[in-house]
Amino acid sequence: MGLPTDHRGADALAVEDPFVVDGVALGSRLIMGTGGAPSLDGLGDALDASGTELTTVAMRRFSAAEQGSLFQLLLDKGIRVLPNTAGCFTARDAVLTAELAREALETDWVKLEVIADETTLLPDPIELADATEQLVSRGFKVFAYTNDDPVLARRLEQLGAVAVMPLGAPIGTGLGILNPHNIELIVARAGVPVVLDAGIGTASDAALAMELGCDAVLLASAVTRAQDPVRMAAAFRHAVVAGRLAAHAGRIPRREHALASSPMEGRAQFL
Amino acid sequence: MDEYSPRAPLPGSGADVAVVGGGVVGLGIAWEAARAGRHVVVIDPAPGTGASFAAAGMLAAVSEYHYQEEALLGLMLESATLWPAFAQPLAAEAGYLRTPTLCIAGDGADRQALADLRAVQEAHGLEVTSLTVREARAREPMLSPGIAGAFEIAADHQVDPRRLIAALLARLGSERLVRRRAESLLWDGARVAGVRLDDGSELLAQETIVANGLGARDLAGLPVQLPLRPVYGDILRLRIPQRLRPLVTATVRGLVRGRPVYLVPREDGTVVIGATQREDGSDAVSAGGVYELLRDAQALVPAVAELELYETVARARPGTPDNAPLLGRVSAPEGGDVEGLIVATGFFRHGVLLTPAAARVCREVLEGGNGGAWKPFRPDRFAGLGNGRPISHPLHGRSS
């Protein structure tokens, strides 16, 4: 992979290695959710610091009709909106919410969330598959928020999702990536972009997601609920780039025993 | 229910001060100006029925602190110190109580969040005392045995906003109240000379103070676009059966799995449980909101399930981009400030707490001051933002 390796920083890298989804090239591999922000100004500053070009908004929680609202902020900043169906428990609910979003925002993109219960906020796989099928047939571009289940992720892609978004851990927990092996499996078999979504706690979690081969990372609480959201957003901006570079730099094997970095002179090098 | 209030007979030159908005903030400003000897009128078709009607009345400068909101904290602390003197002449009428606040953690992660916050609160010199669960329950036996931690904030008190409104209206007197909607500011050259009312009549005033919360968005003739947005809240009022009294003696604020909830006990055997924060554009009470509040309140105080739920109310708070109020004079394009105009809105979650500070700042500005330490809250601080422009297509931003 022809990733740039010069020293021009994250922004230059992003331009030459865009995140392409549904034919749209985005300069950042970090997608920031807006939930949990303490103030509109604070959210705006964090969005700037994150460098994100795509953000998700819960359509059931924010009115697009209100002046001076969150949507105005995103418009002013030129950040694309990926409406989501947070708070939906049935396929029917999710489809209605997606239709509302399409009408209000004039986009056929939707991040599909169908939640099984309030305690875990885990996706309900059956309703999720049902809603994906319905939304695809209605012409939506579905970004499917899913469990870290390689079988389900594959199935959602077959149903027509334009991206699959497996969770690292349940929403808002900040527990990181609980099953890295499954994430690797999902990536290995996916023909559409894989976005690690939910459970991210700190920068190293996002870097790991990228090292596992994910195409992008989506997070909200990890930034919006941090004590210093701007600093944390900047940390994630760098972490995502770092992980992306590392994933394609050919890491060294893990060894049982030490190996000096300067090889002993006079011996032939195998590698 | 609305008894007819005759228009106040005004002196030839009009009033000294016209306050647009008869919520807690507007009435507090008017009262302080009246006590300073000014001829004041308050303009509001239905005083005390906006956000003030819903407000729980927590005077919680310490527990309302949020990371990085130091400027707002300064104003909240200032106002908290003004509250005793502000409340004193209103005696017990306003339900001002110096009961403490207990912050309760629902689980271990909530305890960690409150402990992290406490470290910063203490760094700002605020007093937050850690209690064991058993200490907290010895003081408030109705607290659930399942809570994970407690912190006491002795400085966070309460007032009953509805009684405060009634007390302020009584002090001001009906002759100072104009039960009309202010439609637009009246201009006399470069200065504001009063307001035009919805019946077309004009009310002249030396100074006009815009204190009508979100209503300021609909007031024509303002020289600056005020970045106000409605942040709706659902709030519940419940009656405590005799056998369960007192349910709690302190104000109980909790974090339950990261979700904030509070219970404010009143002297009359009722308790206020709040509040959601919604930007969904709906001014109706949200069933989900009521459910979540009761669920989380019951996690802290199980006996909540046995109370009589007698009122659910939703109102919009006047939110601003930085959560801080819009307070003071406004710059004139030709330099200096617009004469005859003071703005006092955008108090968001903190209108009741910040009322004495707003009243003080307005009095000082009326007396020729420039807002002093409170310049950071000037209403024109956001100038240059695109707020107020109609929403077009959020998907297709500038860069796409």
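Is V21(A) buried or exposed? In this predicted model, V21(A) is buried, because 21 other C-beta atoms lie within 10 Å and a residue counts as buried at 20 or more. V21(A) belongs to strand β1 of chain A, which covers residues 19-21. When its neighbours within four places in sequence are left aside, V21(A) is in contact with V162(A), A163(A) and P193(A). The C-alpha atom of V21(A) is also separated by 7.9 Å from that of V192(A), although the two residues are 171 residues apart along the chain.

Another strand of chain A, β7, spans residues 141-146. Five of its six residues are buried, so β7(A) is largely enclosed by the rest of the structure. Strand β6 of chain A, residues 109-112, runs parallel to β7(A) and is joined to it by four bridges. Within this pair, V142(A) of β7(A) stands opposite V110(A).

Chain A also touches chain B. The contact between them involves 32 residues of chain A and 26 residues of chain B. On the side of chain A, at least two residues each are supplied by α2 (40-50), α3 (70-77) and β5 (80-84). The largest share, seven residues, comes from α3(A). By class, this side of chain A consists of twelve nonpolar, ten polar and ten charged residues.

Chain B contains eight helices and 18 strands. Its C-alpha atoms fill a box of roughly 65 × 55 × 40 Å along the principal axes. Of the 400 residues in chain B, 50% are buried. Among contacts in chain B between residues at least 6 apart in sequence, 76% join residues that are at least 24 apart.

The domain assignment divides chain B into domain 1 (1-96 + 157-228 + 320-383) and domain 2 (101-153 + 232-317). Taken over C-alpha atoms, the centres of domain 1 and domain 2 of chain B are separated by 29 Å. Their contact takes 19 residues from domain 1 of chain B and 23 residues from domain 2 of chain B. Helix α2 of chain B, residues 51-54, gives the largest share of the domain 1 side, with three residues. That side has twelve nonpolar, five polar and two charged residues.

In soluble globular proteins, nonpolar side chains tend to be buried together. The largest nonpolar core here has 124 residues, and V19(B), I29(B) and A344(B) touch the most other members. Helix α8 of chain B, residues 351-366, gives the most to this core, with nine residues. Both domain 1 and domain 2 of chain B give residues to the core, so it lies between them. Apart from its neighbours within four places in sequence, V19(B) is in contact with G26(B), I29(B), A30(B), V40(B), V42(B), I43(B), I209(B) and A211(B). A second, separate core has 87 residues, including A94(A), A144(A), L156(A) and M232(A).

Technical notes: Residues are numbered from 1 along each chain as its sequence is written. Chains are lettered from A and ligands numbered from 1 in the order in which they are written. This is a predicted model: local features need pLDDT of at least 70, side-chain atom pairs count only at pLDDT 80 or more; totals for chains, interfaces and linings use all residues. Two residues are in contact if their C-beta atoms, placed from the backbone, lie within 7 Å. Ala, Val, Leu, Ile, Met, Phe, Trp, Tyr, Cys and Pro count as nonpolar, Asp, Glu, Lys and Arg as charged, and the others, Gly among them, as polar. A residue is buried if 20 or more other C-beta atoms lie within 10 Å of its own, exposed if 12 or fewer, and partly exposed in between; C-beta atoms are placed from the backbone. A nonpolar core is a set of buried Ala, Val, Leu, Ile, Met, Phe, Trp, Tyr and Cys residues joined through C-beta atoms within 7 Å. Domain bounds come from an automatic or database domain assignment. Two strands pair if DSSP finds at least two bridges between them.
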